Structure formats: C-alpha cells, structure tokens
Amino acid sequence: MGSAETLEIYPLKIQRGLTQLSFLRIPTRPGATRPLFDLLERHGVPVRFLIEGCAGDYNRDLIVCIDSEAFTRLEPELKEVEIRMQTQALELRQPVAVIRILGPHFDIRPGTSSLLFGALQRADITIFSNATTITSSMCVIPDDQVETAERVIGRTFEVPKKKK
Amino acid sequence: MSEQSKTLEIMRRIGAPRPEKIRISGILQSPVLASLTLLLPGGVSDSAAAVLEILGKHDVNIRFINKYKDSAGNTSLCLCVDADLLDTAINSLDVHEESLGIRDFVYHPQVIVISIYPHKQRPRVAERLLTALRMNGVDPLSTNNASSVVSCVVNRDSVEQALACLADAFELP
C-alpha cells in the first residue's frame, strides 16, 4: 500500500446544492428508466451523478443527483415518471454535494480507495453514495459536511493549493 | 420465459423505432475483472471502509466501486477487482464476514467494464447505453458515471454482443 504523502490528486471538483433521487426496485426491462432520462433531457438537466445496480428479483436501483433548482422545476412531473418506471420507492436526499477526487489511480494502487473511505469515515462524514472508476471517485455527501470533507481529503492526499 | 424475456420478444417482434445515433469519442473496455456485490448493514456509518481496508491490506486492486443505500436501508457495495485476485478477495472477506456484518454476497468471476466517452452529464447517453444493452439481452451488472465517462460492468460472455450493439447505438469517430 503506497504512502498517502506520495499520492497527488487534481484539485477537488465540488458540486453543491444538489438533490439525490433514489429510484428503488425498478423492473429490469429495456427502456424502464427512459421516462426519467427523457424528462431530464427535455428540461436540459445535467446528471451530476449516476449509479445503477441490481436490486434482486429482476429489479434495479437507480440513483441520480441533479441540481436542487432543477429538481424543484421537475418535481410536479416526477410522480408520473415514478409510475411509468414502475419504481417501488423514490427516496430523496437534499441538499447533497458531489465531491470528485481525480488522480490517485484507484486501479493500480491497492488501498487507495480505503484511504479515502477510511479518512472520511473517521471524520464522521456520511457517504450516501459513491461511484469509483479508474482515476476518479465521486462521493455524494451531505452538503453541510463539504468543508470538513475538503479538509480531510486535503490531509489524506496532496491537493494543489488554490491560486489566490 | 421471464417477464424480461417476454418484453424483449414483444419489442423485437413489433420493432422499436430506431433513434438517431449519439456521437461519442470512444468506447473502452477493461481487462478481465471479477465483480463482488456485498450487502452490508446500513446506518450512518457502514462497514464499506472496513471492506476496502481489508482488501487493500491484501493488495487487491479495486477498479470499480458502486455504493448506495437500497430500499431496505442496507448498503449495496459492488466492487470490481483483478480476476486473478478473486479468491484472495473472497477469502480475506470471509474471515471477517461476521465483524463486517455481511448479509449477502454475490460474485461474478469474469466481467469487463465497458466505458463510453464522453458522457458530459448528458442524460440521453446513459439512457441509450442502458436501453441499447437491454434491448439486445445484455443486462449490465452495475453502472456508474464519472464526470466524462459512463461505465458499466457486463459478464465476459456478453462483451462481444454488448460492443456490437453499442457500436450500433452510438456514432464513433
């Protein structure tokens, strides 16, 4: 496991004021999630965060984060989307933030994701959701924990200082 | 015949309208990996960090993570590791099964992560990816996005079919 001091990352990218929507237990069938993505596309709403996973019994869970301002605009139409998707539950969390950690090469350094998750957990940061691929990890956390998370990540990895 | 297969059969018979291709810059695939999906007790603090620490101590590379709370409040943790380290990963977690509170454990020994660039947070890229795969009978085990890429985990047996239908759904340079 590499030393944390040697792991340099790019400046954090933080998107705040978001809403996390969890569409839980959607039947697995082609186009099941289309009503949601069509709605987002029609209103020009970017998907800040997305994960989809198996929920058992031919069901899927879909988690997305969008700007809270956009959520307010879309909210009246969401009930119909929920029905068309045949989702069994829709859970909302807001306000949340997405922190993107880019650079530590999670794939070639065993223990890198453990450094991140462990440091955030020790600081009592709640990670609602996480999406990690080769070089980036995106954490959805409560918006009011962003400053603490920034400090913790700054102590765990080498983050370039912001220019004044 | 499962409900999913019936739906697919009907859609194939009646023919779905062919949407315009979405232009992308590339499709990448990972080396052969193995996926593990763990169901952990939920709550404010879960044992995901402990799972990752155990795997890290056993030199297990983690190339893909999906973590979220499911409908029962459990934490669903999907990990992809190097395929040749699957046994090491399983054995190391097995020892700590009780302390980690692992409630369920599913693994797929040979999977590939397929990534589409760029995603740029466009809803229709993710939608097209998921629909195109399922229309062709490929069910992604797990899907996630980073800022510029959307990635999905598929069984190795389905990779050729997945790549063929994605080449049909997206316009490559």
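Begin by selecting B:Asn66 and B:Cys78: in this predicted model, B:Asn66 stands opposite B:Cys78 in strand S5 of chain B. Residues are numbered from 1 along each chain as its sequence is written, and chains are lettered from A, with ligands numbered from 1, in the order in which they are written. Because the model is predicted, local features need pLDDT of at least 70 and side-chain atom pairs count only at pLDDT 80 or more, while totals for chains, interfaces and linings use all residues.

**The hairpin in chain B**

Next, select strand S4 (residues 62-69) of chain B and strand S5 (residues 75-82) of chain B. Strands are DSSP runs of E with at least two residues, and helices are DSSP runs of H or I with at least four, numbered from the N terminus. S4(B) and S5(B) pair in the antiparallel sense over 7 bridges; two strands pair if DSSP finds at least two bridges between them. The hairpin has 5 residues between the strands, and B:Gly73 takes a positive phi near 85 degrees there.

Is S4(B) mostly covered or uncovered? S4(B) is mostly covered, with 8 of its 8 residues buried. A residue is buried if 20 or more other C-beta atoms lie within 10 Å of its own, exposed if 12 or fewer, and partly exposed in between, with C-beta atoms placed from the backbone.

**Across to chain A**

S5(A) pairs with S4(B) in the antiparallel sense over 3 bridges. Select A:Ala131, whose bridge partner in S4(B) is B:Asn66, and then A:Thr132, whose bridge partner is B:Ile65.

Which residues of H3(A) meet H2(B)? A:Ser113, A:Ser114, A:Phe117, A:Gly118 and A:Gln121 meet B:Ala48, B:Ala49, B:Leu52, B:Glu53 and B:Gly56. Two residues are in contact if their C-beta atoms, placed from the backbone, lie within 7 Å.

**The whole interface**

Colour the two chains separately. The contact takes 51 residues from chain A and 48 residues from chain B.

**The domains within each chain**

Finally, select the domains, whose bounds come from an automatic or database domain assignment. Chain A has domain 1 (4-15 + 96-156) and domain 2 (19-93), and their C-alpha centres lie 25 Å apart. Here 8 residues of domain 1 of chain A are in contact with 8 residues of domain 2 of chain A.

Chain B has domain 1 (19-30 + 111-171) and domain 2 (33-110), with 24 Å between their centres, taken over C-alpha atoms. This contact takes 11 residues from domain 1 of chain B and 10 residues from domain 2 of chain B.
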